[in-house]
Amino acid sequence: MMETAELKQQVKEQIIHFLNLTTVKPEDITDDEPLFGEGLGLDSIDSIELIVLLSREYGITIQDPKEGRKILTDINTMVDYIEKNRTK
Amino acid sequence: MSRIFITGMGLISAIGDSVEENRDSLINEHCGIGHIRFYKTAYAGKLPTAEVKHTTDELNKKLFGTPDPSVTRTSLLALHAAGEAIRDSQLASKEISSAETALVGASTVGGMCLTDELYHDARARDGGTPYLSSYDYASVTLAIRERYGILGETATINTACSSSANAIIYGARLIRHGFAKRAIVGGADSLAKFTINGFNALNILSSKICAPFDRDRSGLNLGEGAAFLVLEKEEDLNGKKTYAELTGFGNKNDAYHASSNSPEGQGPYLSMMEALESSGLGPQDISYINAHGTGTENNDETESRAMLRLFDQVPPFSSTKSLTGHTLGAAGAMEAVFAIQSLVYQEMYPSLSFQHPIPETGLVPVLHYTRHFIRHVMSNSFGFGGNCSTLIFSKS
Amino acid sequence: MPYFHQSVCISPQNSFPETDLSRIRESKNNWLEATEPDYPGIPAAVKRRMGKSVRMAVGASIPLLKKFPPPDGMVIATANGGMEDCIRFLNQIHEYKEGLLTPGSFVQSTSNAAAAQIAILTKNHNYNITHVHRGLAFENALLDVVMLLKENPQAGYLLGSTDEISAYNYNIDRIAGWFRDEPVLNTGLFEKPAKGTIAGEGAFMVWMNNERTAAQAEMMAVKTIHTVDPGLVLKTMEKFLSENLPSGETPDLVLTGENGDIRMAPYIDIVESYFNESVPVARFKHFCGEYCTASSFACWLAIQIVQCGFVPPLLIKKKGSRSSCKRILIYNNYRDIQHAFILISAVERV
């Protein structure tokens with residue numbers, strides 16, 4: 001079972017890789033920084049892509065994109081949700 | 001500046017194989033949206049679509065007798081509709097093939113309806129399918145060009161969902177500038193895994209039959225089809241029958257996001273305004289609007305806002321996509337034909353599946369077939385990439 | 001009268017940011033890939049999503065958008081759009097059996113992605129169109145701007161084109177017989193004409209308006225035709241020249257899209273042999289490779305040449321004996337049936 005800190009690091013790396021954020025390093029993303037709007041500045045297409053990431057990497061299905069946005073508020077909420085719901 | 005008239009129309013969609021059959025379905029509220037019967041996709045049975053009710057083989061045999069194996073379904077639909085339009089225009093064959101006849105097509109799928117074949121050819125070492133030269137968008141226009149031997153200006157436009165509206169505009173301008181005497185303009189698209197999966201990945205396909213402008217709408221249904229029109233200028237009519245005059249058009253960009261409109265519907269607002277300005281008409285002169293009305297959350301609300309901004313009193317409007325589905329590259333031309341029919345017969349077509357208005361805008365579309373006095377009709381097509389086009393047709 | 005002002009050309013050669021046509025970069029594996037600059041003007045958040053053709057187009061437009069007022073319209077030509085993104089999305093469809101897919105590459109693969117992105121970055125609400133008619137997409141876009149400038153004489157427009165090689169698209173064209181089976185260098189493209197040519201890519205953006213002041217070249221005329229009859233190609237050219245040049249005059253240079261494909265030789269021959277020995281002939285596809293909008297590279301070349309009156313030796317096929325180079329006829333052929341003529345001249349200095 002992965003430690004939370006390690007999972008956070010992994011998730012940051014996955015986000016960077018998945019969304020092709022070539023100019024961002026994992027240490028640039030703070031855990032409580034908003035992923036959307038201000039902060040990392042992701043948009044609606046990114047939110048869909050991250051829902052796919054959650055499915056492919058962690059076996060988590062999110063049916064409602066609006067619910068997805070809440071889960072994807074920041075790294076903390078995202079990792080918290082993964083820990084509670086991952087099937088992979 | 002030459003006045004442009006429509007002298008021929010052709011159409012094939014999920015609700016009919018001809019202009020007449022389509023009108024019949026519109027009047028009788030025959031919705032063409034249902035389960036996929038012919039196209040092979042994992043979504044058959046899951047996502048409602050508006051498929052043309054013929055297999056590709058049937059379409060092929062009808063056009064070619066002996067089927068031509070290299071012609072894609074998109075091209076077959078285009079050939080079918082262009083053929084009807086050309087016959088309807090009563091142009092002599094040497095007029096059609098002349099260097100003074102322009103041909104402007106549009107498609108967003110092209111031959112990529114053959115998704116599996118494309119996947120195969122992209123990797124094949126040698127051999128390949130008969131479709132090697134048929135995947136691009138131009139292949140659809142070129143299929144028409146070849147069949148009729150057209151020697152004039154030939155173009156293909158792809159601006160997503162507004163493509164064939166832009167094809168109509170481009171054709172009209174070619175005539176006005178003297179680069180063509182007449183123009184055959186329109187577009188075609190067929191179902192493709194490419195667009196089914198693409199739109200589905202964006203979460204804008206509905207698992208239910210689409211409900212444009214409804215409070216509880218949940219997305220669009222893809223459709224397929226083709227529509228072509230023949231444009232001629234006033235000086236060349238010589239008493240020929242005309243369906244309508246193209247009195248105004250506009251193309252503006254929303255410039256907000258690649259796949260959604262700005263909240264205030266700036267692009268749609270500006271394109272409608274430009275079309276009005278180009279026609280010399282005011283908002284109060286529009287009797288009826290064939291809306292873009294896809295049934296997505298974003299489009300219907302932003303389109304509504306744009307209409308509310310532009311019109312003191314929003315004219316009656318409907319979305320025929322509630323019967324034909326969203327035919328992408330064919331939509332602009334298809335809905336232009338419907339708009340023209342409404343002018344010719346002085347009627348409005350229903351917007352199906354509507355129950356409650358969008359609370360933020362309160363607009364209610366035309367719900368049933370209605371006879372109506374129409375002098376000027378507007379048709380809207382708003383595509384990805386913020387590409388917004390508006391056409392205005394007037395009684396001729 | 002439409003004029004070309006500043007332009008940017010991203011190509012496999014030294015065309016941007018510095019222009020040096022005295023040297024030629026070599027192809028690799030029958031590909032001439034465009035060398036891309038850094039694109040500091042494209043925000044990272046936007047650049048990360050872009051495939052090469054969109055990136056080149058947007059990158060090429062930025063210097064012009066900085067220099068000139070907001071365009072009254074953008075007219076872009078691309079026949080293969082974001083081919084790489086398109087096939088990337090297809091791969092996903094296949095790999096995940098139409099399951100849960102990421103939409104990014106679908107959105108980027110749409111033909112009007114480049115035109116849309118430029119509009120979004122500059123909040124430009126004006127006319128915006130994408131022409132995709134295969135080997136004539138650029139000429140149609142050019143004609144569109146010519147018409148726009150007649151409709152709106154005070155306006156300024158961004159005209160451009162972009163196409164990229166993608167491994168998959170190249171493969172389809174290769175098995176269709178459009179590219180050479182055996183390896184050939186671009187520098188030796190014309191030595192032994194054979195079936196097929198080499199692939200290229202690039203983007204071109206130019207500012208156009210009706211202002212002669214500070215213009216770099218004059219856009220005289222454009223004509224396209226679909227035919228497999230070299231005789232009709234010749235007739236079309238004769239009519240084109242008689243309508244656009246004073247009687248008895250010929251261009252100072254004929255710049256052709258000869259690409260080493262022996263099957264297209266009849267068209268090149270009939271065009272070239274129409275002109276007498278004094279008319280120089282040059283060609284450009286060993287510089288840029290073959291792609292749908294390659295004639296935009298020729299257009300860029302012509303704009304450079306008429307400004308200095310000098311034809312770079314590496315382009316020359318027949319030297320001729322003209323003392324200046326004020327008017328250039330571009331003739332391009334794309335895959336047998338598509339033909340285009342563009343006439344560009346130096347700006348008449350009053």
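1. A contact here means two residues whose C-beta atoms, placed from the backbone, lie within 7 Å. Bear in mind that this is a predicted model, where local features need pLDDT of at least 70, side-chain atom pairs count only at pLDDT 80 or more, and totals for chains, interfaces and linings use all residues. Residues are numbered from 1 along each chain as its sequence is written, while chains are lettered from A and ligands numbered from 1 in the order in which they are written.

2. On overall build, chain C has 11 helices and 11 strands. These are DSSP runs numbered from the N terminus (helices are H or I, at least four residues; strands are E, at least two). The radius of gyration of chain C is 20 Å, close to the 20 Å that the globule rule gives for 350 residues, so chain C is as compact as a globular protein of that length. That radius is taken over C-alpha atoms, and the rule is 2.2 Å times the number of residues to the power 0.38. The C-alpha trace of chain C spans about 65 × 50 × 35 Å along its principal axes.

3. As for burial, 58% of the 350 residues of chain C count as buried. A residue is buried if 20 or more other C-beta atoms lie within 10 Å of its own, exposed if 12 or fewer, and partly exposed in between, with C-beta atoms placed from the backbone.

4. Chain C splits into domain 1 (3-209) and domain 2 (220-345), with bounds from an automatic or database domain assignment. Their C-alpha centres lie 22 Å apart. The contact between them takes 45 residues from domain 1 and 33 residues from domain 2. On the domain 1 side, the elements giving two or more residues are strand S1 (3-10), helix H6 (137-151), strand S4 (156-163) and strand S5 (202-209) of chain C. H6(C) gives the most, with six residues. By class, that side has 22 nonpolar, 18 polar and five charged residues. For the classes, Ala, Val, Leu, Ile, Met, Phe, Trp, Tyr, Cys and Pro count as nonpolar, Asp, Glu, Lys and Arg as charged, and the others, Gly among them, as polar.

5. Now chain B. Its contact with chain C takes 45 residues from chain C and 54 residues from chain B. Elements of chain C that give two or more residues include helix H3 (83-95), helix H5 (113-122) and strand S6 (217-226). The chain C side has 23 nonpolar, 16 polar and six charged residues.

6. Helix H6 (residues 138-148) of chain B is worth a look: eight of its 11 residues are buried, so H6(B) is largely enclosed by the rest of the structure. Among the buried ones are Val140(B), Leu142(B), Ile144(B) and Arg145(B). The buried residues pack against helix H3 (73-89), strand S2 (101-106), strand S3 (154-157) and strand S4 (182-189) of chain B, together with S6 of chain C. After H6(B) comes Gly149(B), whose phi is positive, near 60°.

7. Chain A has four helices and zero strands. Of its 88 residues, 26% count as buried. The contact between chains C and A takes 10 residues from chain C and 11 residues from chain A. On the chain C side, helix H1 (44-47) and helix H4 (104-109) give two or more residues.
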